[in-house]
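Welcome! Please take a moment to look over the sequence and the model, and then we will walk through them together.

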Amino acid sequence: MTGYARAQGSDERRRWVWEARSVNGRNLEIRCRVPQGFDRLENPARAAIGTRMKRGNVSLTLTIASEQQSKPLRINRALLAELAGLVEEVRKGTGAAAPTADGLLRVRGVIEEEDGAEENEEAMAALDRALSGTLDEVLKALVAARAAEGRALSAVIDRHIGEIEELCKRAADRASAQIGTVRARFESQLAELLERAPSLSEERFAQEVALLVGKADVREELDRLAAHIAQAHTLLADARPDNPVGRKFDFLCQEFNREANTLCSKSADIELTRIGIDLKGAIERLREQVQNVE
């Protein structure tokens, strides 16, 4: 399910932003990006996502910025003294002109940014707690966004289930006429055969008709489809953030397809076959939508 959320926080030294996005996915896939030096937060962040979501491609990004506009500069005097000694040695040996002060300052490492006081373990632990608190906020907001989309999606899925239910009713009405069609077709074919072969006994004729009618009987498939429809309504009613039903819906769509395929293969009536094809299309549309369900 799709969703987006953003949460931010700050302390006296820095400010940070967590951003979370999710798009539809059959399984749960997590991409987590954190700044260098904050890799320790990645595994807890992944675990926090895993406890809240079961499906979808989730991207989580942490951005941290310093509150200071620029850091003060300092001269690396030890390096500068070493360079001065080397310059004097070269000047005496080759007679080359001594470099200017600005030339020495251009040497990499001579001018450095002040790092400031290193944070102790207690300060780092406090920062991690603050970052984790903001992470919790953004994940709650993402779950809420996905739930809002789920409520809108529920109406769409309900319409697809209703379409399947209506097609099954039409199939049941048409199936009752199929038995007469099978019998009439068999009698027509039998009449042609009887012109060339000895007549069949009445008992054998009844057996053959019963066999063909049994092969064309789709009542069992329609009963199972009705049971699947009832289960689909139950799953839809029970869907909650703490009760994911997406995988169950996936399996149910497979069962829907199985019965629809059998119904089409048993059909001896053109209209029933058309209904079966429409039914398979409706099931596929339902399957596409339930891929978005948590």
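In what order do the four strands of the open sheet lie? The order is 1-2-4-3, and the pairing is mixed. Before going further, note that this is a predicted model, in which local features need pLDDT of at least 70 and side-chain atom pairs count only at pLDDT 80 or more, while totals for chains, interfaces and linings use all residues. Residues are numbered from 1 along each chain as its sequence is written, and side-chain values use heavy atoms, leaving out hydrogens and water.

Strands (E, at least two residues) and helices (H or I, at least four) are DSSP runs numbered from the N terminus, and two strands pair if DSSP finds at least two bridges between them. At the edges of the sheet sit strand 1 (3-10) and strand 3 (28-33), each pairing on one side only. Strand 1 runs antiparallel to strand 2 (residues 14-23), and eight bridges join them. One example is glycine 9, whose bridge partner in strand 2 is tryptophan 16.

Now let us turn to the nonpolar cores, which are sets of buried (under 20% relative accessible area, 1.4 Å probe, protein chains only) Ala, Val, Leu, Ile, Met, Phe, Trp, Tyr and Cys residues joined through side-chain atoms within 4.5 Å. The largest has 30 residues, and Ile157, Phe249 and Leu279 are among those with the most contacts inside it. Helix 4 (121-194), helix 6 (219-238), helix 7 (246-266) and helix 8 (270-290) each give two or more residues to this core, and helix 4 gives the most, with eight. Apart from this core lies another, of 23 residues, including Ile30, Phe38, Ala45 and Leu131.

Terms used: Buried means under 20% relative accessible area, exposed over 50%, partly exposed in between (1.4 Å probe, protein chains only).
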